Amino acid sequence: MERKDSQLAIQRIASKWEKTIILRQKELIRAYIPETRKYTFEHLKEMIDIHGLVYVKPDRGTYGNGVMSIEPWCDELEPESPVQYKLRFGIQSELYPALEELHAAVSERIDKKFYLIQKGITLLTFRRRKFDIRALVQKTPQKTWETTGFIGRVAAQQKIITNYHGGGSVMPIEELLSPYLEAKEYLQLYKEMKQVGILAAAQLTRKFPNLKEIGLDIAIDEQFKIWILEVNTLPALFPFKKLQNKDIYKKIHRYAVAYGRLKK
Ligand SMILES: Nc1ncnc2c1ncn2[C@@H]1O[C@H](COP(=O)(O)OP(=O)(O)O)[C@@H](O)[C@H]1O
Ligand SMILES: [Mg+2]
């Protein structure tokens, strides 16, 4: 039976791998994407070698489910002892003396599903909790792309994911970034994030013309470089309601009504 639901027309792409491939075809965007490969033992070895910190995550995950991080770990009290590997997921952390054993543990958690391995970004912190940024990019009623909102996402204590469904909380990005940046630097970063959002949307639209909205998970590293961790094609809109500036959500809502995601 045909559904007269206009939301059906909005394009959604679940595979992170598929989106990554499309995004990195555009040179301007490639620089923002942490190196990403399919998870295999070979790639695990190489990626840890190159990047130190890596993230392992399901190709079609949501809400931070299944996300793990791995990093080489040295016992500071025994600096002579051999390097080990720290695997983190949820609020747990486990140490492995060798990559083979680490891989066995990771494989068990992966359970033959399609997982990716990605360069890990050392996120900035707020009161010792990691945070990243969600940027919302929407088709305007004039059919151009606009980055309409940002919201900071702060991980729960001890967690490696910032997702709201993983116990994270939301905060205005100004508050999260002001301890790190002067007003001028902040403005520059803000403009660049807006631009990155538009670039990513435009690039994905080349392959998926019916895209109307995307949510970018943006990490800012300790050098204040911008990284795109992933792009969501069914971004949550409600967190933007919490922003003090009510004009932001008003516009988000107006655009979403125009392309049929929300009712008037
Ligand atoms: N490469 C990475 N470096 C640092 N943190 C990451 C990385 N990948 C994911 N994360 C953390 O895990 C969260 C969830 O990962 P994400 O790729 O967005 O998957 P999901 O679709 O489950 O939200 C991110 O919001 C971020 O906090
Ligand atoms: Mg995400």
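Let's start at R153: one of its polar side-chain atoms lies 2.9 Å from an oxygen atom of ligand 1. Keep in mind, everyone, that this is a predicted model. How much of ligand 1 does the protein bury? Taken alone, ligand 1 exposes 540 Å², and the protein buries 98% of that. The space that ligand 1 takes up is also the largest cavity.

So who else is around ligand 1? The shell holds 21 residues, and the closest are K16, K57, G64, D217 and E230.

Let's look at two more contacts. In K57, an N or O atom of the side chain is 2.7 Å from an oxygen atom of ligand 1. With Y63, it is a polar backbone atom instead, at 3.5 Å from an oxygen atom of ligand 1.

Now please turn to the metal. Which residues coordinate the magnesium ion, ligand 2? They are D217, through OD, and E230, through OE, at 2.0 to 2.1 Å. This pair links distant parts of the chain: D217 belongs to strand 11, residues 213–220, E230 belongs to strand 12, residues 226–232, and the two are 13 residues apart. Are they buried or exposed? Both D217 and E230 are buried.

Here is the picture to take with you.

Note on methods. Residues are numbered from 1 along each chain as its sequence is written. Chains are lettered from A and ligands numbered from 1 in the order in which they are written. This is a predicted model: local features need pLDDT of at least 70, side-chain atom pairs count only at pLDDT 80 or more; totals for chains, interfaces and linings use all residues. Side-chain values use heavy atoms; hydrogens and water are left out. Donors are N, O and S atoms within 2.8 Å of the metal (3.2 Å for Na, K and Ca); water is not among the atoms, so sites may look incomplete. Helices (H or I, at least four residues) and strands (E, at least two) are DSSP runs, numbered from the N terminus. Buried means under 20% relative accessible area, exposed over 50%, partly exposed in between (1.4 Å probe, protein chains only). A residue is near a molecule or strand if one of its heavy atoms lies within 4 Å of it. A polar contact is a pair of N or O atoms within 3.5 Å; within protein, one must be able to donate a hydrogen and the other to accept it, and residues adjacent in sequence count only if both atoms are side-chain atoms. Accessible areas come from the Shrake-Rupley method with a 1.4 Å probe; for residues, only the protein chains shown count as cover. On a 1 Å grid over the protein atoms alone, a cavity is a set of points where a 1.4 Å probe fits but cannot get out, and a pocket is an open set with protein on both sides within 12 Å along at least five of seven lines; lining residues have an atom within 4 Å of a point. A molecule sits in a cavity or pocket if more than half of its atoms lie within 2 Å of its grid points.
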